[in-house]
Amino acid sequence: MAAVLAVGALGAVIGSFLNVVVYRVPRGLSVARPRSACGSCATTIRWYDNIPLVSWLVLRGRCRDCAAPIAVRYPLVELGTAVLLGVVAWRFLPDAFAATAAPGVVAGILQLVAYLYLAAISVALAVIDVETQRLPNPIVLPAYIVGLAMLGAAAVLAGDRTVAFREEPDRPVRGSASRRAAPAAADLEPAAAERFEALRAWRAGEAKAQGVPAYIVFGDATLRQVAVTQPQSLGDLDGITGIGAKKREAYGEALIRVVAGA
Ligand SMILES: [Zn+2]
């Protein structure tokens, strides 16, 4: 929880930078320099008047020098970024902590940083879009490369070979080694869990024989349903997610046989 709050606080600082990005990038200005100045009197903003959220509240939304109003958008972007990044950390930090082996930890951290980055630029892009109806390429294009590189590296480190660019409702989307090491059989009845494991073993053989990833044969969610419903006939397979007419024809008999044998 402390880590989540720390990321939230970092989010406020990043939000402060995003305010600079939102103003300068659409105008083709550098985000690095010059330092921020009051839009009315052009006085450079002192560091203690530039503390996210706090300074706006202390100054009551007015410039210290000329008392010109400072748009409420500034603290709102800072607050919004703080909340958003806090939520991302709350969701993805446990993945990083849950990993036991070094590659899994690195994968979890890479994944977290990638989502923090994508969340942060989403804030900037959203505000710029509202103000200018544009999404500047200097922000959009690096996101493809950085996001892809970090998430790709995270997937490789986590040993996630099921990464695909198409919809696969059953594939494990977030890869932490520990999560995959413990398949979703823990909450099944012992007998159903046994059937589930038998189905997975059968699937592994089938995938190997065909030279395709296991999820191409069936996803875990589908095998779970088969394990729980214990189909006796092909008709019993109707209504199980992930088994269409083709798969029923190709694998239906085998599924029933494996379930009966387990
Ligand atoms: Zn001023």
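## Reading the packing angles

Helix axes here are lines fitted to C-alpha atoms over the stretch in contact, and the angle between two of them runs from 0 to 180 degrees between N-to-C directions. With that in mind, let's walk through this predicted model, beginning with a pair of helices in contact. The axes of α4 and α5 lie 8 Å apart, and the two helices pack at an angle of about 160 degrees. Angles over 145 degrees count as roughly antiparallel, so α4 is roughly antiparallel to α5. The crossing of α4 and α5 is left-handed.

## The α4–α5 contact

On the α4 side, the contact is made by Pro103, Val106, Ala107, Leu110, Gln111, Val113, Ala114, Tyr117, Leu118, Ile121, Ala124 and Leu125. Their partners in α5 are Ile139, Ala143, Val146, Gly147, Met150, Leu151, Ala153, Ala154 and Leu157. Sorted by class, the contact of α4 with α5 has 19 nonpolar residues, two polar ones and no charged ones.

Ile139 sits in helix α5, which covers residues 137-157. Is Ile139 buried, exposed or partly exposed? Ile139 counts as partly exposed because it has 17 C-beta neighbours inside 10 Å. Setting aside neighbours within four places in sequence, Ile139 is in contact with Val25, Ile121, Ala124 and Leu125. Ile139 and Val31 are separated by 108 residues in sequence, while their C-alpha atoms are 12 Å apart in space.

## The α3–α4 contact

Helix α4 also packs with α3: the axes of these two come within 9 Å and cross at roughly 160 degrees. That angle makes α3 roughly antiparallel to α4. The α3–α4 crossing is right-handed, whereas α4 passes α5 in a left-handed crossing.

From α3, the contact draws on Val77, Gly80, Thr81, Leu84, Leu85, Val88, Ala89, Phe92, Leu93, Asp95 and Ala96. From α4 come Val105, Gly108, Ile109, Gln111, Leu112, Tyr115, Leu116, Ala119, Ala120, Val123 and Val127. The residues of the contact of α3 with α4 divide into 17 nonpolar, four polar and one charged.

Take a look at Leu116, which lies in helix α4. Leu116 has 20 C-beta neighbours inside 10 Å and therefore counts as buried. Beyond residues up to four places away in sequence, Leu116 touches Leu85 and Val88. Val87 is 29 residues from Leu116 in sequence, with a C-alpha to C-alpha distance of 9.5 Å.

## Helix α1 and its cover

Which residues of α1 are buried? They are Val7, Gly8, Gly11, Ala12, Ile14, Gly15, Ser16, Leu18, Asn19, Val21 and Val22. Among the elements that cover them are α3, residues 73-98, and α4, residues 102-132.

## The α7–α9 pair

The crossing of α7 and α9 is right-handed.

Ala192, Arg195, Phe196, Leu199, Arg200 and Arg203 in α7 face Leu223, Arg224, Val226, Ala227 and Val228 in α9 across this contact. By class, the α7–α9 contact has seven nonpolar, no polar and four charged residues.

## Backbone details in the loops

Most residues other than glycine have a negative phi, and most peptide bonds are trans. Arg33 and Pro34 are joined by a cis peptide bond, with omega at about 0 degrees. Pro34 lies in the loop between α1 and α2, where α2 spans 54-58.

Leu53 is found in the loop between α1 and α2. Leu53 has a positive phi of about 60 degrees although it is not a glycine. Leu53 is partly exposed, because 18 other C-beta atoms lie within 10 Å. In the loop between α2 and α3 sits Arg60, another residue other than glycine with a positive phi, near 55 degrees. Arg60 counts as exposed because it has 9 C-beta neighbours inside 10 Å.

Methods: Residues are numbered from 1 along each chain as its sequence is written. This is a predicted model: local features need pLDDT of at least 70, side-chain atom pairs count only at pLDDT 80 or more; totals for chains, interfaces and linings use all residues. A crossing is left-handed if the near helix is turned anticlockwise from the far one by less than a right angle, and right-handed if clockwise. Helices (H or I, at least four residues) and strands (E, at least two) are DSSP runs, numbered from the N terminus. Two residues are in contact if their C-beta atoms, placed from the backbone, lie within 7 Å. Ala, Val, Leu, Ile, Met, Phe, Trp, Tyr, Cys and Pro count as nonpolar, Asp, Glu, Lys and Arg as charged, and the others, Gly among them, as polar. A residue is buried if 20 or more other C-beta atoms lie within 10 Å of its own, exposed if 12 or fewer, and partly exposed in between; C-beta atoms are placed from the backbone. Angles under 35 degrees count as roughly parallel, over 145 as roughly antiparallel, 65 to 115 as roughly perpendicular and the rest as oblique.
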